Amino acid sequence: MSTSADPVRALADRLAEVDDRIARAARDAGRDPAQITRIVVTKFHPVALVDELYRLGVRDMGENRQQELTAKTAEPGDRAGLTWHFIGQLQTKKARAVRAAAAVVHSVDRDRVADALEAAAGEGAPVLDVLLQVNLTDDPGRGGVSPAGLEALAAHVAELETLRVRGVMAVAPLGESPAAAFERLRAHADTVRSVVADADWISAGMTADFAEAIAAGATHLRIGSAITGPRPVHG
Ligand SMILES: *Cc1c(COP(=O)(O)O)cnc(C)c1O
């Protein structure tokens, strides 16, 4: 762990350390680290942190709440080439604001959410990359489509003109080994590819389990606290 007293230096150290661990896990899995996108999750942190990460070269960042995403993207500043990923549960009434701020939505888990994102496309809006979030738990209250509903959801979203299905996303359940859960996700990714052949993204892996996710084929990691440090307490 970094011990630097300078907070920007400490942030740079943590980023480099995580990137080393990603590279090592990729090589252990016989994979090319360059094929893996590391998204830094900045939720609950101020936009100053976004700008520090940007200066350190980070170009993919993630937020899980629409209000915070909208607020951060509205802050003035030069963040050319920065891709925002929306990774949180999405309500249909927030679809317009999310679409306006994010280039990728990881959490499409029902037809209605996809339809709302489609309806939110303005004139000439760029195609929105979406991932289908799969619920890896037995609790239907958790975010994500059930594995049984995944193929039908993929077929529905594939018909929408301004959305592009890129793959799947999931969070590892508590109380189960993440490696086993991510192996199931790999099979769910195959299901989606049976509908949309080039949908080969797998968004999986957080601070606690990104090495397991890489071993199971994750292409997009969503890493927060290992890079940003602990999140500020949120009211
Ligand atoms: C917060 C969050 C993350 C990052 O979590 P860490 O454990 O801090 O790495 C990843 N994915 C989702 C959906 C999140 O909400």
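The points below pass from the whole chain to its strands and then to its core.

1. Basis of the note. This is a predicted model, in which local features need pLDDT of at least 70 and side-chain atom pairs count only at pLDDT 80 or more, while totals for chains, interfaces and linings use all residues. Residues are numbered from 1 along each chain as its sequence is written, and side-chain values use heavy atoms, with hydrogens and water left out.

2. Overall dimensions. Along the principal axes, the C-alpha atoms fill a box of roughly 50 × 40 × 35 Å.

3. Burial and contacts. Of the 235 residues, 49% count as buried (under 20% relative accessible area, with a 1.4 Å probe and protein chains only). Among contacts between residues at least 6 apart in sequence, 58% join residues at least 24 apart (contact means heavy atoms within 4.5 Å).

4. The chain has 9 helices and 8 strands (DSSP runs, numbered from the N terminus: H or I of at least four residues for helices, E of at least two for strands). Strand β1 (residues 37-41) pairs with β2 in the parallel sense over 2 bridges (pairing requires at least two DSSP bridges between the strands). The chain passes from β1 through helix α2 (residues 47-55) to β2 in a right-handed β-α-β crossover (clockwise from the first strand over the helix to the second, with the strands pointing away from the viewer). β2 and strand β3 (residues 83-86) are also parallel, over 4 bridges; the crossover from β2 to β3, through helix α3 (residues 66-74), is right-handed.

5. Strand β2. M61 has V40 as a bridge partner and, in β3, W84. Both faces of β2 (residues 60-63) are covered: D60 and G62 are buried on one side, M61 and E63 on the other. In a regular strand the side chains alternate between the two faces of the sheet.

6. Nonpolar core. Which residues touch the most other members of the largest nonpolar core? They are V105, V108, L117, L132, V157 and L185, out of 64 residues (a core is a set of buried Ala, Val, Leu, Ile, Met, Phe, Trp, Tyr and Cys residues joined through side-chain atoms within 4.5 Å). Helix α1 (residues 7-28) supplies the largest share of this core, 6 residues. Leaving aside neighbours within four places in sequence, V157 contacts V108, A114, V130, L132, L163 and V165.

Key: Buried < 20%, exposed > 50% of the residue type's maximum accessible area, 1.4 Å probe, protein only.
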